[in-house]
Amino acid sequence: MKKVVAFLGSPRKNGNTATLVKEVIHGAQDAGAEITTFNLYDMNIKPCQGCLVCRKTGQCVIQDDFQNMFKHIIDADVVVFGSPVYVWQVTAQMKLLWDRLCGLFDENYKPRYAAKKLIMVYSQGNPNAQAFQTSFQTNEAVLKMLGLHVVDTILVTGGSDPNTAANNKEILLKAYEAGKGV
């Protein structure tokens, strides 16, 4: 049984990002995957202190909710990151998580664990799907260095209304199929 861990980096528990992440999870469950979900707005994640201990040991010295999340990432076959776009980038809560992932690679910048599939979910108010592609490409490159390889990106545009994704059958199906394909 495949293990999927999903991280929701949106303050809206029923907004566009949550709707799409739930569809990815629904697809993965229908494919028989075991699912764990973390809502980053409910978690206590402290900022990285830049001590570099994780690069040597693979473990972060800061004791907070990250420890459990990190274990789930290590054990997962597939990781899902979902975030709205705030000022051209993922939310601060998602960035806090990403900053703490340096233990996924060693002092020589080599991934410490087997490569994992990564599904990215973004929602943005801007109706132009190309508006933040540079940021998305940068995110993909950084996460790849950590051993997380993007296999699918789900993007809802024009999402100023929190029901935009829920009312878009095409994007819902794309999210479901991405999850089912794990």
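Predicted model: local features only at pLDDT ≥ 70, side-chain atom pairs only at ≥ 80, totals over all residues.
1. Let me start with the cavity search. Over the whole structure, one cavity of 30 Å³ or more turns up. Here a cavity is a set of points, on a 1 Å grid over the protein atoms alone, where a 1.4 Å probe fits but cannot get out. The largest cavity has a volume of about 50 Å³, where volume is the space filled by probe spheres set on the points, with grid points joined across faces, edges and corners.

2. Residues are numbered from 1 along each chain as its sequence is written, and side-chain values use heavy atoms, with hydrogens and water left out.

3. Now the sheet. Five strands make an open sheet with parallel pairing, in the order E2-E1-E3-E4-E5. Strands (E, at least two residues) and helices (H or I, at least four) are DSSP runs numbered from the N terminus, and two strands pair if DSSP finds at least two bridges between them. At the edges sit strand E2 (34-39) and E5, each pairing on one side only. On average, neighbouring strands are turned by 15 degrees against each other, direction ignored.

4. Two strand pairs are worth a look. E4 and E5 run parallel and are joined by eight bridges; Tyr-122 has Leu-155 in E5 as its bridge partner. E1 and E2 also pair in the parallel sense, over six bridges, and Val-4 stands opposite Ile-35 in E2. Five of the six residues of E1 are buried, that is, under 20% relative accessible area, with exposed meaning over 50% and partly exposed in between (1.4 Å probe, protein chains only).

5. Helix H6 (residues 169-180) lies across E4 and E5 and runs at about 165 degrees to E5. Axes are lines fitted to C-alpha atoms, for helices over the stretch in contact (heavy atoms within 4.5 Å), and angles run from 0 to 180 degrees between N-to-C directions.

6. What about the interior? The largest nonpolar core has 32 residues, and Phe-7, Val-79, Phe-81, Leu-97, Trp-98 and Leu-101 touch the most other members. Such a core is a set of buried Ala, Val, Leu, Ile, Met, Phe, Trp, Tyr and Cys residues joined through side-chain atoms within 4.5 Å. Its largest share, four residues, comes from H3. Leaving aside neighbours within four places in sequence, Trp-98 is in contact with Phe-81, Val-90, Met-120, Asn-139 and Leu-143. Apart from this core lies another, of 22 residues, including Val-4 and Ile-25.

7. Finally, two residues to check by eye. Glu-34, in strand E2, is partly exposed at a relative accessible area of 38%; beyond four places in sequence, Glu-34 is in contact with Met-1, Lys-2, Lys-3 and Val-4. His-72, in helix H3, counts as partly exposed at 25% relative accessibility. Beyond four places in sequence, His-72 is in contact with Val-5, Thr-36 and Phe-38. The C-alpha atoms of His-72 and Ala-6 are separated by 9.5 Å, although the two residues are 66 apart along the chain.

Notes: 1 Å grid on protein atoms, 1.4 Å probe; cavity = no way out; pocket = protein on both sides within 12 Å on 5 of 7 lines; lining within 4 Å.
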